Amino acid sequence: MSDATQTFQNLAPSAGAKFRQRTLPILIFAACLAAIPMVGPSRTFYTIAHQMGINIVFALSYNMILGKGGLLSFGHAVYFGFGGYVAMHAMNWIEDGSGLWAGFPVFFLPLVGFAGGALAGAIIGWPSCRKAGTTFAMISLGVAELVFAAAFMFDSFFGGEQGISGDRMNGVELFGLSMGPISEVYWFIAFWTVVGLVGMWAFTRTPLGKLSEATRDNAQRVQFIGYNPQRVRYLVFIFAGGFAGLAGGMAAVNYEIFTPDAMSLVPSGFVLIMAYVGGITYFVGPIFGAILLTYMQSMLSDFTEAWLLYLGVLFIAIVMFAPRGIAGIVFGIWDGLRGSNPGQYIAGLLMKLAGILLMLIGLIVLVEVSVRWSNGYGEVYEPFGMHLGHQNVLSWLIIVVTAVAGVALTRYASKDKEAA
Amino acid sequence: METIVFGLLNGVSYGLLLFMLSSGLTLIFSMMGVLNFAHASFYMLGAYFAFTITGSTSFWIALFIAPVLVGLVGALVERYGLRKVHANGHVAELLFTFGLAYLIEEVVKIVYGKTAVDYRVPDLLNFAAFEIYGATFPAYRIFVIFIAIAMLVGLWFLLKRTRAGLIIQAALTHPHMVGHLGHNVPFIFMTVFGIGCALAGLAGLMAGNIFVTDPAMAVQMGPIVFVVVVVGGIGSLEGAFLASLLIGLLQNFAVGINASFAEIFAFTGLSPTSEVGDITISSLAPVLPFLLLVLMLIFRPQGLMGEQEL
């Protein structure tokens, strides 16, 4: 036996590395948000940016349970909705100026939303967190349907079909923001987006956050080291509900109206798609997803009525070919560029991109021609001055040729890569 | 009495329809461990295919061809979609079918339009089977009951009494062993997936003309089928059968009861003008399956016939 003392290399990240990897990205994100109003953006930009901020927090909160907790939920909008409704009611109490609420600034309403969402999570999570996996997914779906149906029965809380509306320009003004003009609401949204982001990032660093990842990977082992996986899931679920409620509170202040539709299965599905398309294995993934899909939702829906079809295709393509989402693609490209042979990597990447582009052209022409054919208004799809009717042979030729060429090119590119 | 008889008849026919859907779902689940989120979409496809085939030929031809077509679509989906995703785990599979449900709905909207299509009960069956208490019961519903029972017996016979069924049952629990014995397990999986989808298509064919055939029918039916499967105990065919009948009866009885909470709980002094007192049992009918689901999960988490899991 030699000397028992061994020296180990210190593997902990240095203070500089910690700052670079953990604090700096958040500072950059906050700085970007702070810089946006300086370029004098338009009203439309503000509208979309606000939606993005809300969706970023919402999608991140969803990823707390899907990505970090391994629980697939089809009813996350329920907590968003509860948070939003509670915040909406609080906004009306502020307007009435009754009791304690008279001194409560509208700016802090998302905190009320957080409480509402967490409370809903605590109540609903109690029966549903007993199970994980597929059963949990089905329960979340059932609960979402139940709550959505109940929303139309209890008008005093949910306001029936027309929902509940309020006025955000009441109560105490904070930071000199009257919350009236959209540019002032921007600061509110930006502030809470950053708070939500930092809060959820901090949560992943807590023991509970780590345990939630452990429960996702192996619930049995978590039990062996003395923790109750059901309780871990339950606690994480409450926090995720709370952050969803925070997003709901942001939405309540931003739109000044909340309807039961906000808690239906549609937004629940949308947040799932946002988080998954962004990439659930990365913390930043849902941010990418939220930004991209919010943009698609507001922009693409103006260009084409079949935008949900494109969304479905995008989602299926991500599930099948890039299960780590956009974040996975971005970081994969980053790694490839820094790899041993960036030249070859770029060539392969470009070939793949060209193939995907060709397939996309084929798909778009197919969908747009079919949509117009199906509507029967006699409209014709005319990209770049071409006249692509459904009787036109050229349209079908473009569809077939681009699709076949695209598939061939992508297959060739990936085969080439495997051989290399 | 009238309410009870009609509730019973409608409940049984609806419950059997639910079972046609949930049996396919259960088969697929116990085989691949994945709940096919798009199952109700195949149900919708069944109705639309039947509409198209009925339009060009007749309902009786559609009765045979439409489910087969839906089954083929299902088999293709399994072969070129699910099998690829399988490597990424069950969540990825569930998400794949979730995306598929979106896709099918949008494609149906493009091909058949956004409004309901005129898919009708065939003339041959469009009469009143019998009349009791001054109300008639449509013959088509009797026909649905018969077809559903025939399918039930057929499925039971296939699974329990044939060699193919033996292999399928073995492949559900011991896929590797069955593979070693020289059977093509992926092919078996594809076939079972196809059969499950074909059953959903058959249910769609029968239900499309009782209810409405429109692009929203999948979204309406989907959650209820999942409730049936979970309440029955995930993976259990017998449980799915019981739960289907239970939910079918429950919903149809509830629709017939017009009493409000205030009347039922009058002894507690619940005011009929208050929000809770104002709720009638019939308005509660669409919510009942989900209420049942939540209650079931609180008191018996493994479902009616499911096995206790960790």
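Trainee: What makes you say that α5(A) is mostly covered?

Mentor: Count its buried residues: 16 of the 19 in α5(A) are buried. Buried is a matter of counting (20 or more other C-beta atoms within 10 Å of a residue's own; 12 or fewer is exposed, in between is partly exposed, with C-beta atoms placed from the backbone). One caution: this is a predicted model, where local features need pLDDT of at least 70, side-chain atom pairs count only at pLDDT 80 or more, and totals for chains, interfaces and linings use all residues. Residues are numbered from 1 along each chain as its sequence is written, while chains are lettered from A and ligands numbered from 1 in the order in which they are written.

Trainee: Why does A:Gly242 count as buried?

Mentor: A:Gly242 has 26 C-beta neighbours inside 10 Å, so it counts as buried. It is found in helix α10 (residues 229-255) of chain A. Helices here are DSSP runs of H or I, at least four residues, strands are runs of E, at least two, and both are numbered from the N terminus.

Trainee: Which residues does A:Gly242 touch?

Mentor: Leaving out residues up to four places away in sequence, A:Gly242 touches A:Phe114, A:Gly117, A:Ala118 and A:Gly121. Touching means contact: C-beta atoms, placed from the backbone, within 7 Å.

Trainee: And why is A:Glu256 called partly exposed?

Mentor: Because A:Glu256 has 17 C-beta neighbours inside 10 Å, it counts as partly exposed. You'll find A:Glu256 in the loop between α10 and β2 (257-258) of chain A. A:Glu256 also has a positive phi of about 60°, although it is not a glycine. Most residues other than glycine have a negative phi.

Trainee: How do you know that the span of α12(A) is close to the expected one?

Mentor: Put the two values side by side: α12 (residues 285-303) of chain A has 19 residues and reaches 26 Å from first C-alpha to last, against 27 Å expected. The expected span is 1.5 Å times one less than the number of residues. Still, α12(A) bends by about 30° at A:Gln297. That bend is the angle between axes fitted to the seven residues ending there and the seven starting there.

Trainee: What covers the buried residues of α12(A)?

Mentor: The cover includes α2 (43-66), α11 (265-278) and α14 (325-337) of chain A. Among the buried residues of α12(A) are A:Ile287, A:Phe288 and A:Leu293.

Trainee: How much of chain B is buried?

Mentor: Buried residues make up 47% of its 310 residues. The secondary structure of chain B comes to 14 helices and 2 strands.

Note on methods: Contact = placed C-beta atoms within 7 Å.
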